[in-house]
Amino acid sequence: MCRNIRVLHNFEPPATSDEVHAAALQYVRKVGGAAKPSAVNQAAYDKAVEAVAAATRELLDALVTSAPPKDREVEAAKAKARAQERYAR
């Protein structure tokens with residue numbers, strides 16, 4: 001489940017609200033132990049996702065770095081190359 005959580009800090013352009021929400025959703029699913037919660041637990045999951053997304057956005061906004069921003073396309077190409085190497089074995 002958590003393989004979809006990616007580093008969101010220090011990218012140009014900055015992480016979108018959709019990326020922050022997706023990371024929060026993956027985190028809550030992992031911690032909650034269910035990819036699709038039961039109807040009775042859906043409200044709790046939704047509330048947790050919003051809280052984690054807000055905390056994530058607050059963290060990203062507060063972080064400071066002197067490193068140059070990473071390029072999304074370059075990082076995606078590196079990840080794809082690593083995956084190809086891993087699955088070629």
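Me: Which helix gives the most to the lining of the largest pocket?
Reply: The model is a predicted one. The largest pocket holds about 510 Å³ of space, and 20 residues line it, with I5, R6, V7, A79 and R82 the closest to its centre. The elements that give two or more residues to this lining are helix 1 and helix 3 (72-88). With nine residues, the one that gives the most is helix 3.

Me: Which elements give two or more residues to the largest nonpolar core?
Reply: The largest nonpolar core has 10 residues, including L8, A15, V20, Y45 and L60. Two or more of the core residues come from each of these elements: helix 1 (17-32) and helix 2 (42-62).

Me: What does V52 touch, not counting residues up to four places away in sequence?
Reply: V52 is part of helix 2. Its C-alpha atom is separated by 28 Å from that of V74, 22 residues apart along the chain. Not counting residues up to four places away in sequence, V52 touches A24, Y27 and V28.

Me: Which residue lies over the face of Y87?
Reply: The count of aromatic pairs comes to zero. A charge over a ring is a separate matter, and at 5.0 Å from the ring centre of Y87 the residue over its face is R86.

Notes. Residues numbered from 1 in each chain as written. Predicted model: local features only at pLDDT ≥ 70, side-chain atom pairs only at ≥ 80, totals over all residues. Heavy atoms only, no water. Core = buried A, V, L, I, M, F, W, Y, C linked by side-chain atoms within 4.5 Å. Buried < 20%, exposed > 50% of the residue type's maximum accessible area, 1.4 Å probe, protein only. Helix = DSSP H or I, 4+ residues; strand = E, 2+ residues; numbered from the N terminus. Contact = heavy atoms within 4.5 Å. Phe/Tyr/Trp six-rings, centres within 6.5 Å; stacked < 30°, edge-to-face > 60°. Lys NZ or Arg CZ within 6 Å of the ring centre and 35° of its normal. 1 Å grid on protein atoms, 1.4 Å probe; cavity = no way out; pocket = protein on both sides within 12 Å on 5 of 7 lines; lining within 4 Å. Points joined across faces, edges and corners; volume = space filled by probe spheres on them.
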